[in-house]
Amino acid sequence: MEVSVTKEGDIWVLCPKGELDAASSILFDEAIEKAKAQGAQKILIDFEELNYISSAGLGVILSHLDEFEEKHIKLAICSMKPKVANVFEILGVDRLLNIYGNRNEANTYLNEA
């Protein structure tokens with residue numbers, strides 16, 4: 001797995017590619033930590049090129065939620081493939097996160113006041 005991290009305006013965009021499992025979750029966590037260390041206030045995780053996510057990968061996202069809330073960091077997730085979305089739905093995590101069908105919808109949410 002690899003994770004590209006870019007900044008589009010004031011939005012940090014993380015794009016994991018491949019499979020996000022226990023072995024690669026460290027890399028994904030480092031990408032989130034990097035964005036936070038740079039002062040990110042808006043983070044978009046684009047799963048368009050993610051083919052699989054394990055509970056460890058999902059756990060990385062969940063482990064940051066309290067801090068995001070405390071620091072008023074907005075998080076949006078978009079472009080999940082059905083197989084990945086199914087994991088979020090089965091575990092009920094989809095109700096805790098702001099998940100959008102595509103990047104435009106996620107950007108609209110992130111740019112709301």
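Over residues 1-110 the chain is 42% helix and 30% strand, with the end C-alpha atoms 26 Å apart. Helices (H or I, at least four residues) and strands (E, at least two) are DSSP runs numbered from the N terminus. The model is predicted: local features need pLDDT of at least 70, side-chain atom pairs count only at pLDDT 80 or more, and totals for chains, interfaces and linings use all residues. Residues are numbered from 1 along each chain as its sequence is written, and side-chain values use heavy atoms, leaving out hydrogens and water.

User: Why are α1 and α2 called roughly parallel?

Analyst: The axes of α1 (residues 25-37) and α2 (residues 55-70) cross at roughly 25° and come within 9 Å. Axes are lines fitted to C-alpha atoms, for helices over the stretch in contact, and angles run from 0 to 180 degrees between N-to-C directions. Angles under 35 degrees count as roughly parallel, over 145 as roughly antiparallel, 65 to 115 as roughly perpendicular and the rest as oblique. α1 and α2 are therefore roughly parallel to each other.

User: Which residues of α1 and α2 meet?

Analyst: Contact means heavy atoms within 4.5 Å. From α1 come Ser25, Phe28, Asp29, Ile32, Glu33 and Lys36; from α2 come Ala56, Gly57, Val60, Ile61, Ser63, His64, Glu67 and Phe68. By class, the contact of α1 with α2 has 6 nonpolar, 4 polar and 4 charged residues. Ala, Val, Leu, Ile, Met, Phe, Trp, Tyr, Cys and Pro count as nonpolar, Asp, Glu, Lys and Arg as charged, and the others, Gly among them, as polar.

User: What makes serine 79 buried?

Analyst: Its relative accessible area is 15%. Buried means under 20%, exposed over 50%, and partly exposed in between (1.4 Å probe, protein chains only). So serine 79 is buried. Serine 79 is in the loop between β5 (74-78) and α3 (82-90). Leaving aside neighbours within four places in sequence, its contacts include Asp46, Phe47, Tyr100 and Arg103.

User: Why does glutamate 69 count as exposed?

Analyst: Glutamate 69 has 64% relative accessibility, so it counts as exposed. Its place is in helix α2. The C-alpha atoms of glutamate 69 and leucine 20 are separated by 24 Å, and the two are 49 residues apart along the chain.

User: What makes leucine 96 exposed?

Analyst: Its relative accessible area is 60%, so leucine 96 is exposed. Leucine 96 is in the loop between α3 and β6 (99-100). C-alpha to C-alpha, leucine 96 and cysteine 15 are 20 Å apart.
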